[in-house]
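Open the model in your viewer and keep the selection tool at hand. This tour makes two stops.

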Amino acid sequence: MDLAEIPGRGRSLVASQHIRAGQILLQDSPILLYPSTLSPSISSSYCSNCFRNLDPSSSLLPCPTCPNNQTTTTTCNVAVSFFCGPTCRSSALASSHSPWVCRSLALIPSLPHHLHAQALFLVSAYNLASISPPFFSLLLSLHGDTPSSSSSDFMLSTLHSFVSSLSPRPLAPSTPSGAAPTVVFSAALTAALLAKDKHNAFGLMEPFSEGAANSHRSVRAYGIYPTASFFNHDCLPNACRFDYINTRDGSSNNTDIIVRAIHDIEQGREICLSYFPVNWGYADRQKRLLEDYGFACDCDRCQVERNWRHDDEVGGGDDEGMMEEDTKHHHDNNDKGMEVTEEEEEEDNDNDDFPHAYFFVRYVCQRDNCGGTLAPLPPSDDNGMPAASNTLECNVCGQLSKEEDRCGDDPHPEDENMLDK
Ligand SMILES: C[S@@+](CC[C@H](N)C(=O)[O-])C[C@H]1O[C@@H](n2cnc3c(N)ncnc32)[C@H](O)[C@@H]1O
């Protein structure tokens with residue numbers, strides 16, 4: 001992929017060569033990861049360092065410096081962080097879960113509940129300034145302008161008062177003998193950081209499980225991924241991202257995200273993700289993109305759907321934040337149907353006003369309560385020639401399906417370009 005500037009879209013990732021369906025376009029590691037909630041019952045179900053599920057049958061390894069670390073997590077309102085093993089614990093204590101972070105997290109419950117996720121981000125971000133100034137600069141270089149002034153002013157001043165109440169975190173000394181300067185908290189920096197989070201954080205979701213509760217599958221952690229942050233949005237994306245947070249192979253890369261091509265992409269085309277599940281209706285998509293990302297989407301699908309009646313709109317996207325993918329970049333999994341009425345659907349079957357029907361039949365998971373996006377497994381190397389896989393993987397439930405088992409398949413549609421941006 002090449003990084004290019006596209007007028008009206010900013011920095012964009014473009015195919016530098018022909019890309020095959022399923023090809024891995026990016027594996028990106030987070031420069032910052034933070035939990036989405038302080039809820040003790042939730043945060044005790046995963047490791048606070050690698051975010052893998054904790055095994056409830058084995059003894060949990062609590063953080064030695066978290067307040068209340070001797071109590072059971074469900075009986076105190078301040079979460080205790082747990083780790084899956086000594087390696088994760090010592091790695092966290094020296095970086096993302098420093099004693100300063102511990103003390104700061106303990107103060108977050110004094111804030112209104114709806115500000116907890118942003119406070120969790122700010123604590124992690126100011127901690128990053130201390131443990132890795134280069135990553136902190138990278139975070140500040142991502143897209144996201146500070147809003148001039150708005151209804152969010154009160155929220156910002158509440159969050160900044162909170163940050164100011166924390167004791168400043170010393171920066172790592174540049175020389176062993178030099179005195180360490182401290183991180184400077186400023187309202188402008190707090191506002192800038194919040195804007196970076198809003199526009200760039202990807203949500204790592206709670207594991208999929210079949211059943212009603214899954215329709216409100218929530219975000220376990222948010223991550224800032226420096227290269228993946230350059231993907232622009234399209235409501236019919238040509239790439240989608242996978243994460244394998246619960247992989248048990250002991251790899252330290254389980255919080256990486258992997259982006260794969262959904263179908264072939266011509267050289268020179270922009271590569272886009274969807275910032276939320278592709279089955280959201282037109283009004284929900286426009287609202288989210290305008291409010292959270294500051295643009296009105298004019299993609300091929302929106303150009304068609306803006307002319308539809310919206311009598312059966314299912315309501316706004318929920319408040320889980322960004323990018324399906326759902327970026328706050330999050331996967332969220334609300335069962336938002338497409339907003340076409342039955343009557344319109346019949347009409348559309350007879351004309352070309354429904355260019356994306358093919359996408360839904362072929363690339364949207366039909367499993368109950370899922371709605372994830374499918375991409376083929378990476379092509380195998382067949383004597384130096386990449387051979388496309390006919391197995392599709394869902395990026396939400398992980399289910400594998402064969403192309404031939406999906407209805408209405410023509411694996412090589414003549415007008416596949418309509419699916420690209
Ligand atoms: C995660 S960043 C993507 C990279 C960004 N273009 C940059 O310059 O760094 C998200 C921002 O990109 C822009 N963007 C993404 N998709 C777009 C689209 N389809 N049309 C216009 N702008 C878009 C919006 O400004 C959005 O807030």
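Which helices and strands each supply at least two residues of the lining of the second largest pocket? Select β4 (32–35), α2 (86–93), α3 (99–107) and α4 (116–131): each of these does. Bear in mind that this is a predicted model.

**Stop one: the second largest pocket**

Now colour α4. The largest share of the lining, 6 residues, comes from α4. In total, 49 residues line the second largest pocket. To find its centre, select L33, S48, N49, F51 and S96, the lining residues that lie nearest that point. The space in this pocket is about 920 Å³. Colour the lining by residue class next. You get 27 nonpolar, 20 polar and 2 charged residues.

**Stop two: the ligand**

- R11: one of its backbone N or O atoms lies 2.8 Å from a ligand oxygen atom.
- N232: an N or O atom in its side chain is 2.9 Å from a nitrogen atom of the ligand.
- H233: a backbone N or O atom lies 2.9 Å from a ligand nitrogen atom.

How much of the ligand's accessible area does the protein cover? On its own the ligand has 570 Å², and the protein covers 92% of that.

Definitions and conventions. Residues are numbered from 1 along each chain as its sequence is written. This is a predicted model: local features need pLDDT of at least 70, side-chain atom pairs count only at pLDDT 80 or more; totals for chains, interfaces and linings use all residues. Side-chain values use heavy atoms; hydrogens and water are left out. A polar contact is a pair of N or O atoms within 3.5 Å; within protein, one must be able to donate a hydrogen and the other to accept it, and residues adjacent in sequence count only if both atoms are side-chain atoms. Accessible areas come from the Shrake-Rupley method with a 1.4 Å probe; for residues, only the protein chains shown count as cover. On a 1 Å grid over the protein atoms alone, a cavity is a set of points where a 1.4 Å probe fits but cannot get out, and a pocket is an open set with protein on both sides within 12 Å along at least five of seven lines; lining residues have an atom within 4 Å of a point. Grid points are joined across faces, edges and corners, and a volume is the space filled by probe spheres set on the points. Helices (H or I, at least four residues) and strands (E, at least two) are DSSP runs, numbered from the N terminus. Ala, Val, Leu, Ile, Met, Phe, Trp, Tyr, Cys and Pro count as nonpolar, Asp, Glu, Lys and Arg as charged, and the others, Gly among them, as polar.
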